[in-house]
Amino acid sequence: MSKNRKTSRSRSADKTSKSPVEVIVAKYGLVGTGITALLGLLGIAITAYFTYLATRTQVAQPIEATQTFEARLATPIQHISGPTAAPNETLSATHGSTTVPTVQLATLQAIACITDQQESGTPTKVRADSLFYSSTALGRIQELPLVSGQKIPFSSVKSFEAVEIHEKTIGGVKIAVTLLNGDMVIGVVVSSQYDGSSLTGSTEYGSFELRFLDVKRVEFREGGNCD
């Protein structure tokens, strides 16, 4: 009886005890499970990182495009213009066979001092850019129309003065014109009491109009007064 019990206990001990090979296999199996789990976590982390990079690139591209577009909008537009003159240079214009210098760019806001035939007091100061020769036939022009066919622009004139008035004989006013370059031109401007020829413009107090037959002298100045 006692022998049977001992035999039974020894068998139970054999069942519960494992061989060294089984222990080693179990250890490697546990290590493999751990490595597999670690690799899985690493794979998840790598996938998440690349997903983050892709999302960031998609967001950065529109921002970069917007910044580039804004930079282009901020670029100054280059304006293309025709020939200009330096402040101390003059432009010139050709009238017939005569080339006359025109007013300097720096003196576009010049004044015209106009004296009438009666020389009644101080000459009237008129804005040069508002001065026109007006007549029924020609309308309003900023030139002196001579009977020779030549038209001298006010912008090329330093001064002009009525030399003779022969409304009935020559049908106009003989004038002496001094140009900006110092040259002088003598000519006749058609003017009569019937053609409505006059000088018109603007003063600091209002409008200006004087029959051309009543004009004695006109002098262009860069500014100031007509005293």
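A salt bridge here is a side-chain nitrogen of Lys or Arg within 4 Å of a carboxyl oxygen of Asp or Glu.

## Ground rules

This is a predicted model, so local features need pLDDT of at least 70 and side-chain atom pairs count only at pLDDT 80 or more, while totals for chains, interfaces and linings use all residues. Residues are numbered from 1 along each chain as its sequence is written, and side-chain values use heavy atoms, with hydrogens and water left out.

## Salt bridges

A search of the whole structure turns up eight salt bridges. R217 and E219 also belong to a salt-bridge network with E161, K216 and R221.

Two other bridges are worth a look. D214 and R211 meet through their side chains at 3.1 Å, N to O; D214 has 27% relative accessibility and R211 has 41%, so both count as partly exposed. D129 pairs with R127, the closest N and O atoms being 3.2 Å apart. Here D129 is partly exposed at 34%, and R127 is partly exposed at 44%.

A word on the labels: helices (H or I, at least four residues) and strands (E, at least two) are DSSP runs, numbered from the N terminus. Two strands pair if DSSP finds at least two bridges between them. Strand β3 (residues 111-116) is joined to β4 by four bridges, and the two run antiparallel.

Both strands belong to an open sheet of six, in the order β4-β3-β14-β9-β10-β11, with antiparallel pairing. Which strands stand at the edges? They are β4 (124-127) and β11 (184-190), each with a single partner strand, so one side of each has no neighbour in the sheet. Neighbouring strands of this sheet are turned by 20° against each other on average, direction ignored. For that angle, axes are lines fitted to C-alpha atoms (for helices, over the stretch in contact), and angles run from 0 to 180 degrees between N-to-C directions. As background, strands of a sheet pair through backbone hydrogen bonds, either parallel or antiparallel.

## The four-stranded sheet

There is also an open sheet of four strands, ordered β6-β5-β12-β13 and paired antiparallel. Its edges are β6 (139-141) and β13 (207-211); each has a single partner strand, so one side of each is left without a neighbour in the sheet. Neighbouring strands of this sheet are turned by 25° against each other on average, direction ignored.

Within it, strand β5 (residues 132-135) pairs with strand β12 (residues 198-202) in the antiparallel sense over three bridges. S134 is found opposite S198 of β12.

## Aromatic pairs

How many aromatic pairs does the structure hold? It holds three. The rings of Y133 and F212 have centres 5.6 Å apart and planes at 80°, so this pair is edge-to-face. Y133 lies in strand β5 and F212 in the loop between β13 and β14 (215-221), so the pair ties together parts that are 79 residues apart in sequence. Y133 is buried at 2% relative accessibility, and F212 is buried at 1%.

F212 has another partner: the F160 and F212 rings have centres 6.3 Å apart and planes at 15°, so they are stacked. This pair links distant parts of the chain, with F160 in strand β9 (residues 157-166) and F212 in the β13 to β14 loop, 52 residues apart. F160 and F212 are both buried, and together with Y133 they form one aromatic cluster. The cut-offs: rings of Phe, Tyr and Trp (its six-membered ring) pair if their centres lie within 6.5 Å, and planes under 30 degrees apart count as stacked, over 60 as edge-to-face and the rest as tilted.

Notes:
Buried < 20%, exposed > 50% of the residue type's maximum accessible area, 1.4 Å probe, protein only.
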